[in-house]
Amino acid sequence: MIVNGDITNGNHHIEIMGGALDGNKDGQSAGQLYGIWFVRVQQLRITDLEVLDCGADGICVSGDGQQMRDAVLQNLRVSGNQRGLTVKDGMQNVLVSDLYAAGNADYGVCSEHAEGLYQNICANENDGAGILIRNIFGGSYNNLTATRNGGIGMKIVGMVASLGNNWHAHNNSRSSSGTFSDMFFDPDASLSYGITTNTLLSNISAGPSLGYGAETEKSAVEFGAGVRDGLQISNLLELQ
């Protein structure tokens, strides 16, 4: 629906403010089917917007392997898409704030090799994972909530020298009861930043909560082999 003009060299100073984008995916037969797809854009602002019913990502912002700086994504709702919000591949100085991702066919939110500040994010009732944090160095993730998703609530892999505070994940694995945990710290060390290490997390809660319905998760928090040694966690509450 919306793509920047030069996806090879990138563009500067793009702003989208207000309104709603309806992808009407059942009525589309060709094209990328993204709601918003920006590649190598710097000085980007997307605010006060709803993106829904797209056949790919509702919003995808990619550095495409180059360091691209300054993106603000704020006060957004992404729902009913194949994937909700993806920020990836070299984006830096990113602010993602006040985001609601729900009812997407895959994950709600993915931050992959895209460093910055992520705060006030809710990912609920997506068919796949709620929130993915992958291959990150020096990121900060605050006030994250993932509930009633079909797969893992929050999956963390390769989170290095980063901070997290006030995370809540409850009653996930709705698509296959007892298969996925609310939080999973993946031990994969093959990414460019390696295994999760030197990361400080505080005020973490996970596990079944009656307010979200039936208990469906495999466990509250699951640590892959060797991951726990690289984390400093304070105030971890695992509900039973």
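## T86 and its surroundings

The side chains of T86 and D57 are joined by a polar contact of 2.4 Å, where a polar contact is a pair of N or O atoms within 3.5 Å, of which, within protein, one must be able to donate a hydrogen and the other to accept it, and residues adjacent in sequence count only if both atoms are side-chain atoms. This is a predicted model, in which local features need pLDDT of at least 70 and side-chain atom pairs count only at pLDDT 80 or more, while totals for chains, interfaces and linings use all residues. Residues are numbered from 1 along each chain as its sequence is written, and side-chain values use heavy atoms, with hydrogens and water left out.

T86 is found in strand β8; helices (H or I, at least four residues) and strands (E, at least two) are DSSP runs, numbered from the N terminus. With a relative accessible area of 3%, T86 is buried, a word that stands for under 20% relative accessible area, with exposed meaning over 50% and partly exposed in between (1.4 Å probe, protein chains only). When neighbours within four places in sequence are left aside, T86 is in contact with D57, I59, C60, V61, Y107 and C110, contact meaning heavy atoms within 4.5 Å.

## S97 in strand β8

Strand β8, which covers residues 83-102, also holds S97. S97 is buried, its relative accessible area being 1%, and its side chain makes a polar contact of 2.8 Å with the side chain of D98. Beyond its neighbours within four places in sequence, S97 is in contact with L73, Q74, N75, Q119 and N120.

## Cysteines without disulfides

A disulfide is a covalent bond between the sulfur atoms of two cysteines; here it is counted as a pair of cysteine sulfur atoms within 2.5 Å. The structure holds zero disulfides. For C54, the nearest cysteine sulfur is that of C60, 12 Å away, and C54 counts as buried at 1% relative accessibility. The sulfur of C122 lies 18 Å from the closest cysteine sulfur, in C110, which is too far for a bond, and C122 counts as partly exposed at 29% relative accessibility.

## Strand β15 and its partners

Strand β15 (residues 199-206) is largely enclosed by the rest of the structure, because six of its eight residues are buried. Two strands pair if DSSP finds at least two bridges between them. Strand β13 (residues 163-170) runs parallel to β15 and is joined to it by six bridges, with L163 standing opposite L200 in β15. Seven bridges join β15 to strand β17 (residues 231-238), again in parallel, and the bridge partner of I204 in β17 is L236.

## Aromatic pairs

A search of the whole structure finds four aromatic pairs. Rings of Phe, Tyr and Trp (its six-membered ring) pair if their centres lie within 6.5 Å, and planes under 30 degrees apart count as stacked, over 60 as edge-to-face and the rest as tilted. One of the pairs is formed by Y34 and W37, whose ring centres are 5.3 Å apart with planes at 10°, so the pair is stacked. Y34 counts as buried at 14% relative accessibility, whereas W37, at 21%, counts as partly exposed.

The rings of F185 and F223 are also stacked, because their centres are 5.1 Å apart and their planes at 15°. This pair links distant parts of the chain, with F185 in strand β14 (residues 183-185) and F223 in strand β16 (residues 221-223), 38 residues apart. F185 is buried at a relative accessible area of 1%, while F223 is partly exposed at 27%.
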